[in-house]
Amino acid sequence: MRFRAMLPAAALLCALQSPAQQPAPLDDHGQLRNPVLQTRFERITKELRCLQCQNESIADSNAELAADLRRQVREMLVAGQSDAAIFSFMTDRYGEFVRFAPPWSPKSSLIWGAPFFVLLVGGLIVFRVARQRSRMPLDE
Amino acid sequence: MWKFLLPFAAFVALVVLFAFGLNPNRDIHSLPSPLVGKPAPEFALSDVLDPTRTVSNAKLKGQVYVLNVWATWCVACREEQGALLAIARQHAVPIIGLDYKDNQDKAKLWLTQLGNPYTAVPFDGDGRTAIDWGVYGAPETYLVDTQGRIIFKFISPITQEVWQKEFLPRIAAARSGT
């Protein structure tokens, strides 16, 4: 009984000691108090895909997993981790697919290069057809 | 000659592309896990059925085991429950049931009412262990080898057929490899 009665007092003591000097990293709206971290948070979460609803970013998604990953990003930012560290944390677990813009690699160069390749081939065809037509007599 | 061959080659290429891309058996939502071939992330969580007990996969090192991610809110998990119970009865490997972002009381009720296929049921209430394992839904099932490496991940409900075709050969190989 005595021990139980002491608990609230102990809790009060703890409350007085720690959070007063160090404000919580989040404000009442769930935003990071540090504006620099908040902008980084917004940019990073827009760059990460929610894997439950694959066309939404974790910034936009209401899925539980997205909320958990936002929490993860927030915690890593508060802990002073770099953007690169956060991205590699995510790709280590979920693969390159978790990023909307995968970094350049031999595999992803195929995706990045494909539009230019198609444009080049299409342009060549148009060029050749146009040249052929211009050589043709007008009244055929 | 080229004039006819080139469009034909392009047509064949398109057919091949579509045959692959539109294959109805290919689940576009299941993603390959980068963790396959990597050491299984460690966890130490309390057991759903006995919260005083800590379930840690470090203790399972040296054993081939299965980690099945499930939850009571997961409709497909109810679907695979029967298959899991039948698989558990064969006692091939320990099956760890990671209870993912769930309500502990509901989970307990589920296991007592529907049956418990698991050797241990670690409770991952906040989903942190699941993030480490690259879980993005339930059910998901992982196979870990004797060296503690993830060797296979299966997404979507497990069936007896899947167990026989995908899991048993890998389990046998993992055991004979050491």
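A: Let's start with a term: two strands pair if DSSP finds at least two bridges between them. Strands themselves are DSSP runs of E with at least two residues, while helices are runs of H or I with at least four, and both are numbered from the N terminus. With that in hand, look at chain B, where B:N68 has B:G97 in strand 4 as its bridge partner. Strand 3 (residues 65–70) and strand 4 (residues 95–100) of chain B run parallel, joined by five bridges.

A quick word on what you're looking at: this is a predicted model, where local features need pLDDT of at least 70, side-chain atom pairs count only at pLDDT 80 or more, and totals for chains, interfaces and linings use all residues. Residues are numbered from 1 along each chain as its sequence is written, and chains are lettered from A and ligands numbered from 1 in the order in which they are written.

Back to chain B. Its five-strand open sheet goes 5-4-3-6-7, with mixed pairing. At the edges sit strand 5 (123–124) and strand 7, each pairing on one side only. Helix 5 of chain B packs on this sheet, touching strand 6 and strand 7 of chain B (a contact means C-beta atoms, placed from the backbone, within 7 Å). The direction of helix 5 makes about 175 degrees with that of strand 7 of chain B; such angles run from 0 to 180 degrees between N-to-C directions, with axes fitted to C-alpha atoms, for helices over the stretch in contact.

Now for helix 5 of chain B itself. An α-helix has 3.6 residues a turn, so residues three or four places apart point the same way.

As for length, the 17 residues of helix 5 (residues 160–176) of chain B should span 24 Å at 1.5 Å a residue, and its end C-alpha atoms are 23 Å apart, which agrees. That expected span is 1.5 Å times one less than the number of residues.

Definitions and conventions: Two residues are in contact if their C-beta atoms, placed from the backbone, lie within 7 Å.
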